[in-house]
Amino acid sequence: KINNFIKIEVTDDSLLVKHYNEVGNKEFNNQNYELNGELLIDKSGSDTLIKSDGALKLLNRNKVLIRYDFEELVPLNQRQVTALKQMKNGKIVGLVATNTTMRGVTCDESLPNLGKFGQSYDAQVAGLSLNHDHPISGEKFAFFSYSGETRVSTWGIGPHSSGSSISFALWIRTWIQEEMVLVHYGAAWRNDVYDSESDIFSLTLANGRPRLYARENKILTTETNISLNDGQWHHIAVSMPYNNCLLANVEMIIDGKKVKTKGPEKDEALFFIHYGRVSLGGLGYSDSVYETRFPNWNPYKGSMDRFLLWARPLYNWDLAWSMNKNFQKFLGSACDDKNVSSKRVFEKKRSRKYCRVRCKKLPWCFGYQALASDDDTFQCTLYGDRPKEGDPTGENKSICAAVM
């Protein structure tokens with residue numbers, strides 16, 4: 001049952017790899033394939049040429065892997081997700097799914113992934129409405145139904161792997177008092193032996209208080225009882241500072257500021273389930289065992305915007321970018337470029353370090369921004385003054401100055 005294959009062409013000084021994907025309505029043996037990606041390594045010239053696209057496009061795992069901006073939904077069959085096939089009565093009836101079932105609800109729409117993992121990590125969606133003209137950002141945002149019937153989940157496995165660092169960030173707004181799932185990473189199928197020794201990575205909001213779960217009795221929460229269910233927009237970021245860290249070492253950042261947390265009494269290095277999937281606002285495609293293990297969890301009810309996921313720790317510029325200036329205005333921050341009286345833009349340089357070092361050496365530099373380009377260079381912007389309003393101590397200058 002071959003649905004795709006790779007063809008390799010070799011010459012004296014080049015290597016060309018082509019990926020072909022089967023198309024058709026039958027489960028297999030359609031005898032119809034289309035080119036789905038290429039990788040070329042050519043050493044015929046003075047410099048080695050490397051080109052890639054499609055399914056074989058080279059991946060930079062330092063960049064955002066999963067990114068949902070909630071700007072549009074498209075029909076599921078317009079963006080094929082690898083290995084997600086059309087099923088009927090338990091049989092495959094098409095290689096490209098037009099709908100799929102997630103926890104008893106039919107999903108026929110797709111939320112495009114704008115991150116580096118691309119189309120294979122689009123989310124399958126049901127019951128998600130996109131509201132226009134956000135009163136603050138002017139952009140769209142998502143609303144998860146009060147009925148609890150909203151579904152948002154990836155079909156692709158991962159990107160969590162063993163003890164490797166994972167970080168994510170998102171905006172939420174809700175009034176609900178119960179414990180609700182914001183982000184869930186759990187096993188796609190059941191393996192009692194392995195599951196008991198491996199971790200999930202799931203963020204909930206329990207009566208307004210963030211809780212990060214690795215297992216039923218392995219929980220990280222804020223030290224103080226904060227309430228993020230006040231009907232206002234709040235930004236939540238979670239960051240593993242290094243591989244295989246303890247759950248207690250995971251950083252939780254609320255509205256741009258790191259908060260004090262408390263972990264479990266018995267803590268161990270995080271080691272993730274290998275065969276899990278990411279979902280938003282509920283349990284998604286994960287195994288049905290989680291309803292039993294976490295009976296207090298409920299589907300998310302409220303608004304959500306700009307979900308980002310990295311396979312590394314978060315840095316200040318990641319946090320600044322994920323929060324963006326329009327939401328900053330809403331929070332009363334002075335991190336808007338209109339409040340900065342002078343700035344200087346330098347030509348593109350090869351690293352963020354250049355921006356940081358240059359700002360540190362210049363006595364007039366308050367902060368910097370390094371904007372990444374597709375060619376992995378950065379445009380460096382140095383800000384000459386602290387914001388006219390905001391934190392007088394300058395405690396958050398590395399975050400504020402990076403936001404435009």
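What follows is an overview, then notes on a group of strands, the cysteines and the aromatic rings.

This is a predicted model, in which local features need pLDDT of at least 70 and side-chain atom pairs count only at pLDDT 80 or more, while totals for chains, interfaces and linings use all residues. Residues are numbered from 1 along each chain as its sequence is written, and side-chain values use heavy atoms, with hydrogens and water left out.

**Overview**

- The protein has six helices and 29 strands; both are DSSP runs numbered from the N terminus, with helices being H or I over at least four residues and strands being E over at least two.
- Of its 404 residues, 49% are buried, where buried means under 20% relative accessible area, exposed over 50% and partly exposed in between (1.4 Å probe, protein chains only).
- Among contacts (heavy atoms within 4.5 Å) with a separation of 6 or more, 65% are between residues 24 or more positions apart.

- Strand β18 (residues 202-206) runs antiparallel to β19, and five bridges join them; two strands pair if DSSP finds at least two bridges between them.
- Across this pairing, Ser202 of the protein stands opposite Tyr213 in β19.
- The hairpin of β18 and β19 has two residues between the strands, and Asn207 takes a positive phi near 55° there.
- Strand β19 (residues 209-215) is mostly covered, with six of its seven residues buried.
- β19 is also joined to β20 by four bridges, again antiparallel, and these two strands form a hairpin with two residues between them.
- Arg215 has Lys218 in β20 as its bridge partner.

**A look at Thr221**

- Thr221 belongs to strand β20 (residues 218-222) and is buried, at a relative accessible area of 9%.
- Leaving aside residues up to four places away in sequence, Thr221 touches Arg209, Pro210, Arg211, Thr261 and Lys262.
- The side chains of Thr221 and Arg209 are joined by a polar contact of 3.4 Å. Such a contact is a pair of N or O atoms within 3.5 Å; within protein, one must be able to donate a hydrogen and the other to accept it, and residues adjacent in sequence count only if both atoms are side-chain atoms.

**Cysteines**

- How many disulfides are there? The count is zero, with a disulfide taken as a pair of cysteine sulfur atoms within 2.5 Å.
- Cys107 is buried at a relative accessible area of 0%, and Cys245 is buried at 1%.

**Aromatic rings**

- The whole structure holds 17 aromatic pairs. Rings of Phe, Tyr and Trp (its six-membered ring) pair if their centres lie within 6.5 Å; planes under 30 degrees apart count as stacked, over 60 as edge-to-face and the rest as tilted.
- One of these pairs is Tyr185 with Phe272, edge-to-face at 6.4 Å centre to centre and 80° between the planes.
- Tyr185 is in strand β17 (residues 179-187) and Phe272 in the loop between β24 (261-262) and β25 (276-280), so their pairing ties together parts 87 residues apart in sequence.
- Tyr185 is buried at 1% relative accessibility, and Phe272 is buried at 0%.
- Phe294 and Trp297 form a stacked pair, 4.0 Å centre to centre with 10° between the planes.
- Ring pairs also link Tyr68, Phe168, Tyr185, Phe201, Phe272 and Phe307 into a cluster.
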